[in-house]
Amino acid sequence: MALLNMFNIKENLKKLPETPGVYMHKDGLGNVIYVGKAKNLKRRVSSYFVNSSAHAAKVKKMVSQVSEFEYITTKTEVEALILECNLIKKYAPKYNVLLRDDKTYPYIKVTINEPFPRIIKTRTLEKDGAKYFGPYSDVGAVNRTIKLLNKLFSLKRCTPTEFPEGFRPCLNYHIGECKGICIGMADESEYRADIEKSLDFLAGKSKALVSEYREKMNKASEEMKFEEAAIYRDFYLSLKALGETQRVSMTGSGDLDMLFPLGSGANTSVVLFTVRDGKLSGRETFPMSAPLSTYSFEERSMDEYNEVVSGFIKQYYTQLANPPKEILLPRPLRESAVIEEMLHTKIHIPMRGDKYQLMKLAERDVLEMSKILDVKIETAREREEGIKKILSRLLGVEKETYRVESYDISNTNGVDTVGAMVVFSNLRPAKKEYRRFRIKTVEGQDDYGSLREMLLRRLRRGAEKDEKFSEMPDLILMDGGIGQVNAAAKAMQEAGVMIPVLGMVKDENHRTRALVNSRGAEIDLRDYPLLFKYCGTVQEEVHRFAIEYHKNLHNKRAIGSVLDEIPGIGSAKRNALLTHFRTIDDIKKAEPDELKACRGITEKNAEAIYSFFRKK
């Protein structure tokens, strides 16, 4: 790799090799603003600085900001393409078309490398022998699918693969949603057969499983086992709703994807249709960040079409567990040959036959969808721009992205005090950046002291470049008034940092009515409806996150401290009691004979539990 600094672009263009590679354009601050790949580095990079009047407006603007460039040579164009993908993901350059992944899209993971595989959601793709499906943009559908398959086949949920002798089963076994793998009750061959059915379903081959449960439903109904039939009916309808979303069948069979770019500029998306086992089985919409002019996907110029579609394919399919055998596109793609070589996937533009008709059907669907999507995207964009202008005026600085952090404290009469930090990137919550704190130095109910401790710990770790806290906020919003603002100010003074801080003051209905600074000056939010809504969203989110953490911690401690204090009651018997009686109050009220009816509870245990709560 050649690193070129402080540099005469014209002179350094002469030194470029005529080999494949990747180039990175940088601005005056050394930030990577564009990453590209080239079959011939010298010819490609030089083209930016020669005959610039012929360039598109976006390219002219980008070139005007280039102060230097770097390049990395590779042996082949395919190697350059792979490296380009990695560098775009690493730097997220402002002039590249980017798949918007401020959140990581989830996968469904089947741990076929384990004796009794599990089906789980994950956001990390690893080479661990497991089978992955996805990524998916609809996390709700992922959760519903996993929940259905786990319930349908009573699959294993826990992570251990080996269990010691005498191990006690968990709640799932007691409520009939696990086959008891931990106690040797499950047949491995039958379990594997259920996993194979699940794999087929996740691969889009749902017909067999849906038919099986329809037949079970009908048979149970004929035998007048109506309760059983109702259970099968619910499974059948759920499987049908999740798995049979296809609207058309093809004459042949096969797995393929169809891609359509939609919208433009900040409103650009790529619509992905999946065809599995010859049937159109799903549609996903992926927002893209594309600094382009305004065209529909029919009118889009070839340069813009290539940039959007190539950008999506390279970023999406390189993280895909199992790329399809074929990708259908509405128009030819300039880089199709090298992409095919990298992905081992065929890129095809159908001109006749079943695939052509299927593309036309999907195209009409996209055009219809665009009528709604354009309005939604434009409304979201206007809100985003509006809040950026407000934050710019509040802070006196213009930025593309503002990081706003908010903090809250939660406890029960001074017990189990916890702190919560939420982060917003402009309008969007950045949930990966959320942090939780257990308050260590403050005793009793002292919200101001707790806030000061939490802020001080966060700011010191940020100043120390702790990876989890390295990015400092542009603005801090405290859930409360001037007291909370002053607590934050004290923490900043101790940490030796200065960050703008405002308090979100509530009205009698517990809604944010104003923002207040450390001098007590207020901004009435009734004059700023967009800011009013934004602050309300931030306040609700930080309050929710704090209460959720406190409740989980408090419940865990409360359950443990009550039942685990009883002699002879360990975690397994505690779980059995909670499964049987549902609540602690019901356990307290139970007579010894009722307690003995619970699985694993001996007469001695029942007497101990009964006596314990009577003494309490």
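Is threonine 318 buried, partly exposed or exposed? At 32% relative accessibility, threonine 318 counts as partly exposed, where buried means under 20% relative accessible area, exposed means over 50%, and partly exposed lies in between (1.4 Å probe, protein chains only). The structure is a predicted model, in which local features need pLDDT of at least 70 and side-chain atom pairs count only at pLDDT 80 or more, while totals for chains, interfaces and linings use all residues. Residues are numbered from 1 along each chain as its sequence is written, and side-chain values use heavy atoms, with hydrogens and water left out.

Threonine 318 lies in the loop between helix 10 and strand 11 (326–328); helices (H or I, at least four residues) and strands (E, at least two) are DSSP runs, numbered from the N terminus. Beyond its neighbours within four places in sequence, threonine 318 is in contact (heavy atoms within 4.5 Å) with Cys85, Lys89, Ile313, Met342 and Leu343.

Lysine 314 is buried, with a relative accessible area of 7%. Not counting residues up to four places away in sequence, lysine 314 touches Leu81, Glu84, Cys85, Glu335 and Ile339.

Phenylalanine 312 and tyrosine 316 both lie in helix 10, four residues apart, about one turn of the helix, and both are buried. A search of the whole structure finds 16 aromatic pairs, rings of Phe, Tyr and Trp (its six-membered ring) being paired if their centres lie within 6.5 Å, with planes under 30 degrees apart counted as stacked, over 60 as edge-to-face and the rest as tilted. One of these pairs is formed by phenylalanine 312 and tyrosine 316, which are stacked at 4.9 Å centre to centre with 15 degrees between the planes.

Two packed helices are described by the angle between their axes and the distance between the axes. For helix 4 (residues 77–91) and helix 11 (residues 336–343), the axes come within 9 Å and cross at roughly 80 degrees; axes are lines fitted to C-alpha atoms, for helices over the stretch in contact, and angles run from 0 to 180 degrees between N-to-C directions. Helix 4 is therefore roughly perpendicular to helix 11, since angles under 35 degrees count as roughly parallel, over 145 as roughly antiparallel, 65 to 115 as roughly perpendicular and the rest as oblique. In this contact, Glu77, Val78, Leu81 and Ile82 of helix 4 meet Val338, Ile339, Glu341 and Met342 of helix 11.

The largest nonpolar core has 28 residues, and those with the most contacts inside it are Ile108, Val110, Ile119, Phe153 and Tyr213. Such a core is a set of buried Ala, Val, Leu, Ile, Met, Phe, Trp, Tyr and Cys residues joined through side-chain atoms within 4.5 Å. At least two residues of this core come from each of strand 5 (107–110), helix 5 (139–153), helix 7 (188–202), helix 8 (207–222) and helix 9 (226–243), and helix 5 gives the most, with six residues. A second, separate core of 26 residues includes Met421, Leu459, Ile476 and Ala495.
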